[in-house]
Amino acid sequence: MTNRVGERAVVLGGSMAGLLAARVLADSYDEVLVVERDTITGTTTARKGVGQGRHVHGLLARGQQILDELFPGFTDEAVEAGVPTGDLGELRWFFNGRRLSPGTTGLICVSATRPVLESRVRERVAALPGVVLLERHDIAGLVADDTRDTVTGVRVQSQEPGAQERTIEADLVVDATGRGSRTPLWLEEFGYERPDEERIRIDLSYTTRKFRLRDDAVLDGDLSINPVSSPSHRRGAFLSRIEGGLVVVSLTGVLGDSAPADLPGFLEWTRTLPVSDIHDVIHDAEPVDDGAVFRYPASQRRRYERLSRFPNRFLVFGDAACSFNPVYGQGMTVAALEALVLREHLSRGEVDPTAFLADIAQVIEVPWQFSAGADLGYPEVEGERTPEWEASGAFMAALHAAAVVDGEVTATFMRVAGLVATPDALMSPDMLRRVEEGAAKAAAPLAA
């Protein structure tokens, strides 16, 4: 133990955010108890508590780097286990119906299904001294002292027949229960204000099937094919090679549009994508499962950092603080960044919740502006469109056009989208020149 802060920390929720929180807490607490309602030990398939678990997931490049930092050798072990990887900038990306010119970034894309990726993280966390996974337990509520100033534990109940509710005392409680978090209600019950909430309603749908290809050569060596949805081309898709020699395909619809799950309807829907690449790959492939549909109504950000009061020894983490449109693949990586923030706070002793929530708000800000700003590009999506948003949208349109002809623009964009580089990297004199010249070059054939 590198810096002992307390005897017991309790993490509510055993998905990726909760596991990453448990990983850094294990360096500072004698015991870290992860409370999870599902059975998770040994699970490598989608489970009820993770609605998007069967669908394509993105671990951004910065997230992969952090996993390697927190779990040394993580990527190498995944590769040895047969998880496909590739360079993020060399995937087959399509924006606005046009393929981006590949650009080498040196950033690794780990192409594993969410359950497999999560299981590998869970195995590493569970092996840490003092970490205990308390599975099949429902969370009844928080426990606080008489003044309601400090959280002192959590009430839980086993799902075993006849089990009684019990209280687990803790020196720190972390809410990592996802977008359905009850923290706003708990705060209200304790006499605190609820946080303000920002919502960007996108009405996203994912329809996903897995396939075994007749011939891998049809992929032409590519790890992934991604015609990304946009206001000009609203239907999108992600095809990724995954473990076991399979490919997984998620079709995305927005604003209520949704691909059918049955095989004939699924394949026919791929014909309506802006490019034929995915249909060409899977039209004669062997389906290996039934289709699954996931709907995501709105991105949701809870502004805990704006509250004037917050209980001591209680933190909010991951999607419980901010749930991003999953199309942009930001959720797991933001949780990983928040884990680094938590580690930094723990290095100074007991965590001040107000300071922690302020710091993760800064982590959230850039990816939130990226995803929310992109979703506001759909005229039907409600939200404020400022002059700054208009200027940013015009620049991103020019950047995507330039990336069609300039792989260096693609590479820089992917480093920023992967949260490895800051948006300032897109504004360097060289990049501004490349965007201007590339956009003009990309538009020339269209004007001819």
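**Close-up views of a predicted model**

View 1. Strand β15 (residues 246-253) is mostly covered, with 8 of its 8 residues buried (buried: under 20% relative accessible area, 1.4 Å probe, protein chains only; strands are DSSP runs of E, at least two residues, and helices runs of H or I, at least four, numbered from the N terminus). This is a predicted model, in which local features need pLDDT of at least 70, side-chain atom pairs count only at pLDDT 80 or more, and totals for chains, interfaces and linings use all residues. Residues are numbered from 1 along each chain as its sequence is written, and side-chain values use heavy atoms, leaving out hydrogens and water. L246, V248, S250 and T252 are buried on one side of β15, and V247, V249, L251 and G253 on the other.

**View 2. Strand pairing around β15.** β15 pairs in the antiparallel sense with β12 (residues 196-212) over 7 bridges (pairing requires at least two DSSP bridges between the strands). L251 in β15 is the bridge partner of T207. β14 (residues 236-242) also pairs with β15 in the antiparallel sense, over 7 bridges, and R241 stands opposite V247. The hairpin of β14 and β15 has 3 residues between the strands, and G244 there takes a positive phi near 80°.

**View 3. Helix α8.** The 16 residues of α8 (residues 331-346) should span 22 Å, and the end C-alpha atoms are 22 Å apart, which agrees (expected span: 1.5 Å times one less than the number of residues). Because 13 of the 16 residues are buried, α8 is largely enclosed by the rest of the structure.

How values were computed: Buried < 20%, exposed > 50% of the residue type's maximum accessible area, 1.4 Å probe, protein only.
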